[in-house]
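Hi,

Here is the structure I said I would pass on. Have a look at it first, and then read on for what turned up in it.

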Amino acid sequence: MERMSFDLAQTPLRELNSFLHRDAPVKGVQKVVVTNPDGAHNIAVGLDCPVDVEVHGHAGYYAGGMNKTGTVTIFGSAGTGVAENMMSGRVHVKGFASNGAGASMHGGLLVIDGDAGLRCGISLKGGDIVVGGSVGSFSAFMAQAGRMVICGDAGDALGDSLYEAVLYVRGSIKSLGADARIEPMGEADLATVKELLDAAGMQHNPKDFKRVASARSLYHWNADADQEY
Amino acid sequence: MCGIVGLLVKKPALRPRLGELMVPMLIGMTERGPDSAGLAVFTEPLAENARKISLYSGMCEEGADFNWLGLGHELKEHLGIDAMITSQGNHAILTAAIAPEPVKRWIKERHPKLHILSTGRAIDLYKDIGTPAEVATRYAFSGLAGSHLVGHTRMATESAVTPDRAHPFTAGEDFCLVHNGSLSNPYGVRRMLEPHGIRFETDNDTEAACRFLEWRLREGDDLESALQKGFEALDGFYTFLMGTADKLALIRDPFACKPAVVAETDDYVAIASEFRSLAHLPDIKHATVFEPAPEEMYVWNA
């Protein structure tokens, strides 16, 4: 059995997820096709075997969340928290993603072809996010590690209270958050952007991107700052 | 948490099917709002001098056994009004060629526990406690006809679970609002409105937003200006969906804390908190689906 199909109009979501968790690793299933997702929450969460899941339609909250080894492709849009807390593997949204995409991700690659909502990559702890469109306000808030490539624009307070994550933005930035600053693109940055665009299957000139990283002035308490940053 | 739904049909031929298309949308939001549900439907407007008043008797002692026929006789006897009353258990729509204020005053004096749900030339309003499926069956929502409607499923956080605190809220005529979220300054807004003679019926935060926006419209603002003032005056988390006699309008707070998704085809515009309430709609696979941006106004004409 190499390929399985689940029509969520006929089959409860729990059957799909329990198949992915219990049966797929044992039976060596390589591909699972999900039809009529109809906005259901928690589709293909917590994948722990190298399975390729295709979702045809719009997914609800937390699709592909906690992914470890799987590949999840959503041929539609994704609701709040797509690929949240992903550890490794790959999640690809062909449409747009709602708020909190890739929240708290530790590893892996999240690709969003369309726009992402607010707080994309909030508390990013590792891994990579590539957004073909624009991201909403407060994206990469307190992002600790990992990389984000934004091919469109960024909303307000991009990278507020950034730690060591690095952001690359091709379009305009409405405003930077506290302690985030634009830095010059080095050779290593150009190579990183090219590598991530290639991985996402997107074609842009890496030279068109700006680098946003932490000024690290919030790392130490400054009693003279008087709460103004 | 709460669920909001809205539906506007673009073709007159679809108007008789408005309720039937909406009921699965409302039921789809049960997990977001299992304790109460309601909707306001906008129909072909009555003549200039006529009004309809939606009434709810569930908080009277008689409940669903309220004597609606008797109410009609009393209105004739006391005010000389020939009213048509269409009742369904604890709900009735009173239609007459009247100035509504004296009738509403009379109802409040004579039947203080009879709750006035809405007034206008186009709006009919229903709301009650119970699951969305129970409320939809209780009032036969699937048979409703009209050009557009606004619906809500409630999971109460800011005030008690009672029929009058369910949504939609209404103020003035042919205006209603549903809310997903919670306001942080409803008492400030109330204190600002009360000196203008605006009275509140509940302690619910949404009622403050509803009465604020209706007050702006009554003061002469168009819908867009009223909503702009709403962005400035109302603080907290909100996705608001509003209905007027000929429009649906949607706004989200600047942090987009509460969800919304829109699907549009040549036949309809449908709005819901989540896509799962839109998934059953006809031709949804070819609809334009998008997430409305924070602090933007979306207005659709019926």
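**What turned up**

Let me start with a loop in chain A: Asp179(A) lies between β9 (166–169) and β10 (180–183) of that chain. Its phi is near 75 degrees, a positive value in a residue other than glycine. Asp179(A) counts as partly exposed because 18 other C-beta atoms lie within 10 Å. Before going further, please keep in mind that this is a predicted model.

Met66(A) is another one to look at. Although not a glycine, Met66(A) has a positive phi of about 60 degrees. You will find Met66(A) in the loop between β3 (52–56) and β4 of chain A. Met66(A) has 19 C-beta neighbours inside 10 Å, so it counts as partly exposed; being buried would take 20 or more.

Met86(A) itself is in the loop between β4 (71–75) and β5 (90–93) of chain A. Is Met86(A) buried or exposed? With 29 C-beta neighbours inside 10 Å, Met86(A) is buried. Gly46(A) is 40 residues away from Met86(A) along the chain, yet their C-alpha atoms are separated by 8.3 Å.

**The cores and the domains of chain B**

The largest nonpolar core has 84 residues, and the members that touch the most others are Leu7(B), Leu26(B) and Ala270(B). Both domain 1 (2–45 + 131–301) and domain 2 (47–121) of chain B supply at least three residues to this core. A second, separate core has 73 residues, among them Met86(A), Leu109(A), Val149(A) and Cys151(A).

If you want to see what Leu7(B) touches, look for Leu18(B), Leu21(B), Met22(B) and Met25(B), and also for His148(B), Leu149(B), Tyr268(B) and Ala270(B), leaving aside residues up to four places away in sequence.

As for the two domains of chain B, their C-alpha centres lie 24 Å apart. Twelve residues of domain 1 are in contact with twelve residues of domain 2.

**Two sheets in chain B**

One open sheet of chain B has four strands in the order β4-β5-β3-β6, with antiparallel pairing. At its edges are β4 (84–88) and β6 (115–120), each of which pairs on one side only. On average, neighbouring strands here are turned by 15 degrees against each other, direction ignored. Five bridges pair β4(B) with β5 (residues 91–96) of chain B in the antiparallel sense. To place that pair on screen, find Thr86(B), which stands opposite Ile93(B) in β5(B).

The other open sheet has five strands, also with antiparallel pairing, and the order is β9-β10-β11-β12-β16 of chain B. Its edge strands are β9 and β16 (298–301), each pairing on one side only. Strand β12 (residues 247–252) and β16(B) run antiparallel and are joined by four bridges. Leu248(B) stands opposite Trp300(B) in β16(B). Helix α7(B) packs on this sheet and touches β11, β12 and β16 of chain B, at about 20 degrees to the direction of β12(B).

**Helix α6 of chain B**

Helix α6 (residues 205–218) of chain B has 14 residues and reaches 20 Å from its first C-alpha to its last, close to the 20 Å expected at 1.5 Å a residue. How many of the 14 residues of α6(B) are buried? Eleven are, which leaves the helix mostly covered. The buried ones include Asp205(B), Cys210(B), Arg211(B), Phe212(B) and Trp215(B). What covers them includes β9 (169–170), β10 (175–183) and β11 (236–244), together with helices α5 (186–193) and α7 (223–233) of chain B. Just after α6(B), Gly220(B) takes a positive phi of about 110 degrees.

**One last stop**

A cis peptide bond joins His167(B) and Pro168(B), with omega about 0 degrees. Pro168(B) lies in the loop between β8 (148–154) and β9 of chain B.

Cheers

Conventions: Residues numbered from 1 in each chain as written. Chains lettered and ligands numbered in written order. Predicted model: local features only at pLDDT ≥ 70, side-chain atom pairs only at ≥ 80, totals over all residues. Core = buried A, V, L, I, M, F, W, Y, C linked by C-beta atoms within 7 Å. Buried ≥ 20, exposed ≤ 12 C-beta atoms within 10 Å, placed from the backbone. Domains from an automatic or database assignment. Contact = placed C-beta atoms within 7 Å. Pairing = 2+ DSSP bridges. Axes fitted to C-alpha atoms, helices over the stretch in contact; angles between N-to-C directions. Expected span 1.5 Å × (residues − 1).
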